[in-house]
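Here is a short briefing to read alongside the model. Keep the structure open as you go through the points.

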Amino acid sequence: MLSAKRKTGLVFFPAFDWSVSPTHPEREERLLYTQDQVMEEGLLDLDGVVEYRVRPATYADIRRTHFCVPDEAAVTTESHLIAAGGCLVAADAVMKREVDSAFALVRPPGHHAMRVVHGNRGFCNINIEAVMIEYIRDVYNVRKVAIVDTDCHHGDGTQDIYWHDPDTLFISIHQDGRTLYPGTGFPADMGGPNAIGSTINIPLPPRTGEEGFRTALDELVMPLIERFEPELIVNSAGQDNHYEDPITHMNFSARGYADLTARLKPHLAVLEGGYSVEKALPYINVGIIMAMAGLPTATVKEPNYDTEYEAQTPEVDKYVDQTISTVRKQFITSQPPPDINKDGRIIERRRNIFYDTDMIQELQTERIRRCRDCAGALWIESSSSRGYRILAIHVPRWACPACQKQARQWCESVPAKTYDKVYIQDRTKNSYTVI
């Protein structure tokens, strides 16, 4: 009988009572077919594959990561809390060394949810990976984490949350943003002034296949991870690069995902997108589980692979090679230029963020304290088309004394009655205050 070479935990949560709408691609059937396929393949009967029960995350768990406007109850349902809680269960299983790796097969997804949340964008309300990582940091004192986002859509929410954090390496491999939502994720986006080079975007052209992903992984992702030396590798496991996916235009297969997972060897994988609910997603998930467990994956194949899969074209080969060469020059053969601003300088950026699912427009002004010792004190003023105007002050978990002082000064100088609410998220004290 087969047994797992790497003990692997599985957490299932199909969210039976939640969908964007009854006919929307992000609906409960996404995981019901997977559940059937996992049972049919007998994966849960294998020695070394362990299933865990989910539990809901608390609002306190969410407050480590997000500023929810007006509050957590307004932007989450029980399903969102259980999806995030499923990730925490997977994290506990790995961190307590009950298993070598774990896969949170949960939904709704999360990687488009940014630090400030006014509603649902890209089918995401709260960033379940980030909620999990900040939980791990507090409970298990892990500092350096690498996130590899393999969803077809750029992981703009995760990028936003870790934009200023030098202790988080965020790598997103995705379909070129000029051809797909959310329209972001280009090589020039390298991280904020305190974390330049900790964000790496690898935009691949439509119709990229197995070869392109393998090259990106071998020539970019793995060398970058090796250099960063993370304590933990998290795979934001979006599966909508599949050639059958109805809302994207890539050319990946179930076996390709299994190969990618076997090479990456993530400690934790969290399901993101993937909307070919019957023809692709169940087989991709089976391939990922087998790869995480160290089982042979050469036979992983979706039913129509032999008749419908087409190899990557020479034109795509050439485009992929050019993209990888560009990113290699930026991050491997040379280094991004350091930020030249002096310590203590306040650097401002303004953004216009659109919530495509809930049709919300957000205007945001962000101020970060330039700091060579920590991620920097962060000040965010945000107003939305729903009428809220808020101020959010973030003190990073390993904030230096000067950045803690800057945050206190911001808190003491908030103009009275200017905002509907003022949020202070102090990660050095694990405190969250709403005024």
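D259 and R263 form a salt bridge, with their closest N and O atoms 3.0 Å apart; the term means a side-chain nitrogen of Lys or Arg within 4 Å of a carboxyl oxygen of Asp or Glu. Both residues sit in helix α8 (residues 254-264), four residues apart, about one turn of the helix. This is a predicted model: local features need pLDDT of at least 70, side-chain atom pairs count only at pLDDT 80 or more, and totals for chains, interfaces and linings use all residues. Residues are numbered from 1 along each chain as its sequence is written, and side-chain values use heavy atoms, leaving out hydrogens and water.

**Exposure of this pair**
- D259 is partly exposed at 25% relative accessible area, where partly exposed lies between buried (under 20%) and exposed (over 50%), using a 1.4 Å probe and protein chains only.
- R263 is also partly exposed, at 31%.

**Other salt bridges**
- R351 and D160 pair at 2.6 Å, N to O.
- That pair links distant parts of the chain, with R351 in strand β11 (residues 346-355) and D160 in helix α6 (residues 156-162), 191 residues apart.
- D160 counts as buried, at 9% relative accessibility.
- E381 meets R389 at 3.3 Å, N to O; E381 is buried at 19%, while R389 is partly exposed at 34%.
- Salt bridges that share partners join D61, R64, E134, R137, D138, D165, R397 and R427 into one network.

**The whole protein**
- The count of salt bridges comes to 29.
- Buried residues make up 61% of the 435 residues.

Methods: Helix = DSSP H or I, 4+ residues; strand = E, 2+ residues; numbered from the N terminus.
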